[in-house]
Amino acid sequence: MGKEMKVVWLVNIAFPEICRELGLPEPVIGGWLYSYKNALKEFYPQLKLYIISPYEGIEIKCIEYDKYVYYMIPSAVSQNDMDKILFDINNKINPDVVHIHGSEFYHSLSYINTCGANNALLSIQGLISIYTLYYYGGIKNKVIDKYTTLRDILKRDTLKHQREKFRQKGTYEIALIKKMKNIVGRTSWDYSNCWAINPDIRYFKCEEALRDSFYTNKWDISKCRKHSIFLSQVYYPIKGLHKFLEALPVILKQYPDVQVYVAGDDLTSKPAYKQSTYWNYLNSIIDKSCVRSHLHFLGTLSEKEMVRQYLSAHVFVCPSIIENSSNSVCEAQLIGTPVVASYVGGMMDLIEDQKSGLLYRFEEAAMLAYKICSIFESDNLAYKLSVNEREVAMKRHDRKAIADSLYNIYTQINN
């Protein structure tokens with residue numbers, strides 16, 4: 001069982017159970033956090049967990065729910081007030097370990113500035129300070145200028161403004177990593193970048209637990225939609241939808257019946273005065289290549305709806321310009337959907353090419369098209385990838401192993 005510990009989690013989203021208690025909309029992101037929590041609760045019930053998160057409210061709330069304590073802080077509080085609130089909560093709890101999830105938020109830096117880093121652990125999801133360098137996704141400045149919309153200019157929400165917001169958050173991230181003593185990550189990419197910022201960090205590796213449905217469903221080539229492709233996370237250039245659209249006409253020459261299913265709203269259908277720069281650019285690609293009839297935007301998907309798309313797809317594609325460890329790729333692998341992904345960031349730690357997925361350089365649209373078509377062409381290849389992916393992912397995302405690893409990390413920090 002191990003010894004009792006008081007552990008604070010500082011997160012950026014309100015947990016679904018507390019949203020239900022407060023009558024707030026439940027978040028559709030952060031599923032790995034809930035699974036992390038459930039794994040610890042199942043295997044290490046002696047941990048006393050305190051979860052601090054911002055929310056869209058006007059007063060600080062402290063709610064005890066199912067043996068855990070949740071502190072809800074209004075997201076609109078000033079930085080000075082945030083410093084004081086976190087200092088007071090920390091003194092009240094006197095935690096053995098503080099686990100910060102999310103490196104780019106002011107409240108993460110605030111906690112370390114006000115309470116110190118000796119017993120703190122920072123989880124690396126992505127690194128926004130690095131992502132900033134790739135924000136335009138290879139789109140040239142003259143193209144960005146050409147497709148910049150009036151809507152974005154008036155709202156100060158052009159790609160350049162968006163990139164600047166990333167850069168500003170990146171300054172919090174770099175300042176935080178410089179102060180940290182303990183960091184937990186998942187890939188050689190996040191380790192090397194954190195090491196470059198702070199070579200004195202103590203680095204731990206711990207994988208993430210995923211949502212329940214991804215463990216219990218299994219892809220079957222006889223039941224999928226043949227020649228269908230599924231993509232997720234496509235709202236901004238880093239996620240690479242524009243690069244995929246360059247490959248799509250090449251795929252259609254070989255397989256004219258291809259259908260592409262995309263998680264998220266169809267922002268290309270908005271009227272011109274509501275159109276964003278990036279989606280205006282995507283519209284131009286879609287129209288020039290005449291692929292609109294092959295694209296299906298699915299809106300926001302629940303856990304079960306995501307599972308259905310993975311099961312239905314012949315191929316899952318992750319065309320990102322940069323990633324650390326894509327949860328979407330991990331979900332697809334856990335279900336066994338054949339994966340094609342760009343060789344960027346931490347992807348080499350998730351995928352062994354030709355064994356647990358197929359990799360390509362993100363700039364290479366022809367190579368992306370070829371990799372997808374090779375899966376369409378060979379059921380044997382699709383089956384081999386599916387079996388290997390699932391075997392690798394089941395081991396990587398084993399909940400007991402993850403709970404053991406995280407508890408051992410907490411114990412080392414608390415000693």
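The structure contains 19 aromatic pairs, counted where the ring centres of Phe, Tyr or Trp (its six-membered ring) lie within 6.5 Å, with planes under 30 degrees apart classed as stacked, over 60 as edge-to-face and the rest as tilted. Tyr 106 belongs to helix H4 (residues 106-115) and Tyr 172 to helix H8 (residues 159-179), so the pair ties together parts that are 66 residues apart in sequence. Helices (H or I, at least four residues) and strands (E, at least two) are DSSP runs, numbered from the N terminus. The model is a predicted one, in which local features need pLDDT of at least 70 and side-chain atom pairs count only at pLDDT 80 or more, whereas totals for chains, interfaces and linings use all residues. Residues are numbered from 1 along each chain as its sequence is written, and side-chain values use heavy atoms, with hydrogens and water left out.

Tyr 106 is buried at 18%, and Tyr 172 is partly exposed at 26%. A further edge-to-face pair is formed by Phe 214 and Tyr 310, with 5.9 Å centre to centre and 75° between the planes. Phe 214 lies in helix H10 (residues 213-216) and Tyr 310 in helix H13 (residues 303-312), so parts that are 96 residues apart in sequence are tied together by the pair. Phe 214 and Tyr 310 are both buried. Together with Phe 230 and Phe 316, these residues make up one aromatic cluster.

Strand S4 (residues 68-74) has seven of its seven residues buried, so the strand is largely enclosed by the rest of the structure. Both of its faces are covered, with Tyr 68, Tyr 70, Met 72 and Pro 74 buried on one side and Val 69, Tyr 71 and Ile 73 buried on the other. S4 runs parallel to strand S2 (residues 47-55), to which it is joined by six bridges; strands are taken to pair if DSSP finds at least two bridges between them. Within this pairing, Tyr 55 has Pro 74 of S4 as its bridge partner. Strand S3 (residues 61-65) pairs with S4 in the antiparallel sense over five bridges, and Glu 64 has Val 69 of S4 as its bridge partner. Two residues lie between the strands in the hairpin of S3 and S4, where Asp 66 takes a positive phi near 50°.

Asp 66 also forms a salt bridge with Lys 41, the closest N and O atoms being 1.9 Å apart. This pair links distant parts of the chain, with Asp 66 in the loop between S3 and S4 and Lys 41 in helix H2 (residues 31-43), 25 residues apart. Asp 66 is partly exposed at 43% relative accessible area, and Lys 41 is partly exposed at 29%. In total the structure holds 20 salt bridges, each defined as a side-chain nitrogen of Lys or Arg within 4 Å of a carboxyl oxygen of Asp or Glu.

Glu 323 and Lys 239 meet in another salt bridge, at 2.8 Å from N to O. The two residues are 84 residues apart, Glu 323 in the loop between strand S12 (315-318) and helix H14 (327-335), and Lys 239 in the loop between strand S9 (228-231) and helix H11 (241-254). Both Glu 323 and Lys 239 are buried. A salt bridge at 3.7 Å, N to O, joins the side chains of Asp 353 and Lys 371. Asp 353 is located in the loop between helix H15 (347-350) and strand S14 (358-360), and Lys 371 in helix H16 (residues 365-377), 18 residues apart. Asp 353 is partly exposed at 34% relative accessibility, whereas Lys 371 is buried at 8%. Arg 151, Asp 152 and Asp 157 are linked in a network of salt bridges.

Lys 84 lies in helix H3 (residues 79-93) and is exposed, with 53% relative accessibility. The side chains of Lys 84 and Asp 88 are joined by a polar contact of 2.9 Å. Such a contact is a pair of N or O atoms within 3.5 Å; within protein, one must be able to donate a hydrogen and the other to accept it, and residues adjacent in sequence count only if both atoms are side-chain atoms.

Note on methods. Buried < 20%, exposed > 50% of the residue type's maximum accessible area, 1.4 Å probe, protein only.
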